[in-house]
Amino acid sequence: MSCPNCRSQVLNTWLYCPKCGTPTPLASGRSTSDPSLTLPSASQISPERILDRLDVGVLLITPRGRIGQINAAARVLFKIPANLNLLGKPCTEFISHEACMTIIKRHLADGIQPTLHTEDEDTQKPDEISIKDEKDQELVYHVYATPLLDDAHAPVGTIYLFQDITDLHNAAQRKAEYVSIVAHELRTPLTPMKGFVRTLLDDEKEEWYDAPTRREFYTIIDENVDRLRRLVNNLLGVSRVEELGPDGIEMNWEFNVGIRKVAEEVLETQRGRTDKHTFVLDFEPEDIEIEADREKLQNILQYFVSNAIKYSPDGGEVRIIARLKPADAEIPCDSVSIGVRDQGMGIPPAFLKKVGKKFERADNAGTRKAGGTGIGLYLTKYLIAAHHGIMTVESEVGKGSTFWVRVPLKQPEPKILEMAQ
Ligand code: ADP
């Protein structure tokens with residue numbers, strides 16, 4: 001059909017002409033009592049109402065420094081009650097935020113260069129301010145300013161837009177932190193390696209150090225090469241799981257992996273790292289066989305035991321516990337829970353929900369001293385997911401932590417898996 005006003009072509013399902021906005025015969029034929037079919041005319045909605053619906057803060061300041069307009073988001077930002085009439089009042093009386101007032105005063109004094117709609121965004125960057133919200137959390141805003149001119153091009157004021165960029169800002173900050181953590185972790189093993197290699201090279205004629213001492217130096221170099229290799233492997237592991245997820249992990253399934261033997265092998269490699277800890281195997285029944293990728297199961301326990309040692313610097317008991325579990329909502333078949341319990345510093349409750357997230361480390365002196373990248377448990381979670389299992393943590397600050405992995409005794413049939421997905 002065609003528009004009764006401008007004769008443009010209009011689809012016969014349309015209520016309004018897309019060109020001139022005139023109601024089509026379809027619109028006039030419909031009952032206006034159906035609210036979904038009526039569009040309010042622009043004059044029925046006040047500009048204030050539209051502005052109040054925006055998430056960005058909007059503020060208009062006149063050339064004499066008075067408030068010409070302020071929306072609900074900007075009121076929240078500057079903690080101004082919703083019912084307080086501000087229009088025409090000096091902004092200095094209501095906006096106490098120092099950095100924001102500095103920007104406004106600068107514009108009032110110098111005039112402004114718009115930060116919106118500029119051709120070269122790089123040279124016209126918005127100002128950045130941080131404001132505490134009512135929960136005392138620091139929020140970061142970009143402040144865009146643009147002049148408002150009337151029909152005769154005379155300045156009416158400056159419009160400020162306040163855009164919350166807290167998430168972006170935090171992400172950028174954390175990226176910088178990750179880089180410095182990883183750089184630090186890479187450098188740590190390099191320092192002794194360089195030092196001992198230099199010492200051995202300097203002792204060209206092998207006069208200064210006897211054979212056992214030289215062997216000790218080589219062992220230190222060897223351990224640090226291993227540490228470096230582990231770190232690089234972990235970083236590569238992160239990019240692999242990010243790209244492919246748990247399904248991308250290649251699994252070498254074995255039907256009867258005895259977890260007691262796996263635990264013993266893990267303790268074998270970890271014992272040499274400490275003389276402050278005692279190790280206990282607490283299995284009920286004595287041995288449990290499961291379908292698993294032996295090497296990856298070993299990796300999971302290596303991460304747990306290595307952390308148990310690292311985060312209990314004063315020593316204590318490290319206990320590996322294994323118990324059978326019946327089917328339940330979390331794992332709908334028989335399973336085994338394997339826990340690694342330490343008596344170390346524990347994990348603050350606020351950090352518990354972040355455990356296993358990429359690059360997350362508890363922010364306390366103990367963790368900082370222990371060093372680390374916050375990627376071990378992130379990778380562990382993927383290895384556990386590849387076994388269709390779950391990871392849980394129990395912890396009390398100052399008493400210790402238990403990291404649990406619970407995996408099915410037998411892996412679900414691919415068919416059942418597909419149906420579940
Ligand atoms: P890393 O140890 O390299 O920092 P992880 O991913 O293994 O990385 O651990 C992440 C964070 O979890 C650690 O930085 C630490 O804050 C906390 N954490 C892990 N294991 C323990 C533990 N057994 N006791 C206390 N905190 C732990």
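A residue is near a molecule if one of its heavy atoms lies within 4 Å of it. The model used throughout is a predicted one.

**Exercise 1. The ligand and its shell**

Determine how many residues surround the ligand, and which are the closest.

Solution. Step 1: the ligand is surrounded by 19 residues, and the closest of them are Asn307, Tyr311, Asp342, Thr373 and Leu377.
Step 1: by class, the shell divides into seven nonpolar, eight polar and four charged residues.
Step 2: A backbone N or O atom of Thr373 lies 2.8 Å from an oxygen atom of the ligand, and a polar backbone atom of Gly376 is 3.2 Å from a ligand oxygen atom. In the side chain of Ser401, an N or O atom is 3.4 Å from a nitrogen atom of the ligand.
Step 3: on its own the ligand has 530 Å² of accessible area, and the protein covers 96% of this.
Step 4: helix H8 (294-310), helix H11 (376-386) and strand S12 (400-408) are the elements that give two or more residues to the shell.

**Exercise 2. A residue of helix H8**

Locate Gln298 and decide whether Gln298 is buried or exposed.

Solution. Step 1: Gln298 belongs to helix H8.
Step 1: the cut-off for a buried residue is under 20% relative accessible area. Gln298 has 19% relative accessibility and therefore counts as buried.
Step 2: apart from neighbours within four places in sequence, Gln298 is in contact with Val262, Glu265 and Val266.
Step 3: Gln298 and Glu265 are 33 residues apart along the chain, and their C-alpha atoms are separated by 8.0 Å.

**Exercise 3. An arginine in helix H6**

State which residues Arg214 touches, leaving out those up to four places away in sequence.

Solution. Step 1: Arg214 is placed in helix H6 (residues 211-244).
Step 1: with that exclusion, Arg214 touches Leu200, Asp203, Glu206 and Tyr209.
Step 2: Arg214 counts as buried because its relative accessibility is 10%.

**Exercise 4. Cysteines**

Solution. Step 1: a disulfide requires two cysteine sulfur atoms within 2.5 Å.
Step 1: for Cys91, the nearest cysteine sulfur is that of Cys100, 8.4 Å away. Cys91 counts as buried, at 1% relative accessibility.
Step 2: for Cys100, the nearest cysteine sulfur is in turn that of Cys91, at 8.4 Å. Cys100 also counts as buried, with 1% relative accessibility.

**Exercise 5. Backbone exceptions**

Identify where the cis peptide bond from Glu284 to Pro285 lies, and describe the phi values of Lys79 and His153.

Solution. Step 1: most residues other than glycine have a negative phi, and most peptide bonds are trans.
Step 1: the bond from Glu284 to Pro285 is cis, its omega being near 0 degrees. Pro285 is in the loop between strand S7 (277-284) and strand S8 (289-292).
Step 2: Lys79, not a glycine, has a positive phi of about 55 degrees. Lys79 is found in the loop between helix H3 (72-77) and helix H4 (98-110).
Step 3: His153, likewise not a glycine, has a positive phi of about 65 degrees. His153 occupies the loop between strand S4 (138-149) and strand S5 (155-164), and at 61% relative accessibility His153 counts as exposed.

How values were computed: Residues are numbered from 1 along each chain as its sequence is written. This is a predicted model: local features need pLDDT of at least 70, side-chain atom pairs count only at pLDDT 80 or more; totals for chains, interfaces and linings use all residues. Side-chain values use heavy atoms; hydrogens and water are left out. Helices (H or I, at least four residues) and strands (E, at least two) are DSSP runs, numbered from the N terminus. Buried means under 20% relative accessible area, exposed over 50%, partly exposed in between (1.4 Å probe, protein chains only). Contact means heavy atoms within 4.5 Å. A polar contact is a pair of N or O atoms within 3.5 Å; within protein, one must be able to donate a hydrogen and the other to accept it, and residues adjacent in sequence count only if both atoms are side-chain atoms. Accessible areas come from the Shrake-Rupley method with a 1.4 Å probe; for residues, only the protein chains shown count as cover. Ala, Val, Leu, Ile, Met, Phe, Trp, Tyr, Cys and Pro count as nonpolar, Asp, Glu, Lys and Arg as charged, and the others, Gly among them, as polar.
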